[in-house]
Amino acid sequence: AQQEAVMRLRASLGEQGYRVWLDMEQMKGSTIDAMADAVENASHVLYGVSTEYKESANCRLEANYAMKLKKKMIPLMFEEGYGQLDGLGL
């Protein structure tokens with residue numbers, strides 16, 4: 001639901017020299033395996049907090065795995081007034 005904002009952020013980070021893995025661009029093969037590999041190889045995990053994110057089993061799985069690996073996580077608040085980080089299991 002936030003694809004346009006995510007693409008702008010991805011472009012900005014790329015211009016600053018950061019390597020960015022984005023599921024919309026680099027998802028190949030097994031979804032679970034691809035997300036796990038991305039999280040394992042990430043120094044930071046940015047995730048978009050929204051109702052859609054909360055309702056996505058794959059997004060929640062990815063965030064929980066990043067927490068398990070103790071990755072540095074940065075929430076991106078995409079939905080005004082949405083503050084249910086606890087509801088995400090985070």
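Mentor: A definition comes first: helices, of at least four residues, and strands, of at least two, are DSSP runs numbered from the N terminus. Please note also that this is a predicted model.

Trainee: Which helices and strands each supply at least two residues of the lining of the largest pocket?

Mentor: The helices are α1 (3-15), α2 (23-26), α3, α4 (51-55) and α5, and the strands are β1 (44-49) and β2 (72-77).

Trainee: How much space lies in that largest pocket, and which residues lie nearest its centre?

Mentor: The space is about 1200 Å³. Val20, Trp21, Leu22, Leu46 and Tyr47 lie nearest the centre, out of 36 lining residues.

Trainee: And the classes in the lining of the largest pocket?

Mentor: There are 21 nonpolar, nine polar and six charged residues in that lining.

Trainee: Turning to α3, which of its residues are buried?

Mentor: In α3 (residues 31-40), the buried ones are Ala34, Met35, Ala36, Ala38 and Val39. Their cover includes α5 (57-68).

Trainee: How do α3 and α5 pack?

Mentor: Their axes are 10 Å apart, at an angle of about 35°, and the crossing is right-handed. Thr31, Ile32, Met35, Ala36, Val39 and Glu40 of α3 meet Asn58, Leu61, Glu62, Tyr65 and Ala66 of α5. By class, that contact has seven nonpolar, two polar and two charged residues.

Trainee: One last topic: why is Glu52 classed as partly exposed?

Mentor: Glu52, found in helix α4, is partly exposed because its relative accessible area is 43%, and the class covers values between 20% and 50%.

How values were computed
Residues are numbered from 1 along each chain as its sequence is written. This is a predicted model: local features need pLDDT of at least 70, side-chain atom pairs count only at pLDDT 80 or more; totals for chains, interfaces and linings use all residues. Side-chain values use heavy atoms; hydrogens and water are left out. Buried means under 20% relative accessible area, exposed over 50%, partly exposed in between (1.4 Å probe, protein chains only). Contact means heavy atoms within 4.5 Å. On a 1 Å grid over the protein atoms alone, a cavity is a set of points where a 1.4 Å probe fits but cannot get out, and a pocket is an open set with protein on both sides within 12 Å along at least five of seven lines; lining residues have an atom within 4 Å of a point. Grid points are joined across faces, edges and corners, and a volume is the space filled by probe spheres set on the points. Ala, Val, Leu, Ile, Met, Phe, Trp, Tyr, Cys and Pro count as nonpolar, Asp, Glu, Lys and Arg as charged, and the others, Gly among them, as polar. Axes are lines fitted to C-alpha atoms, for helices over the stretch in contact, and angles run from 0 to 180 degrees between N-to-C directions. A crossing is left-handed if the near helix is turned anticlockwise from the far one by less than a right angle, and right-handed if clockwise.
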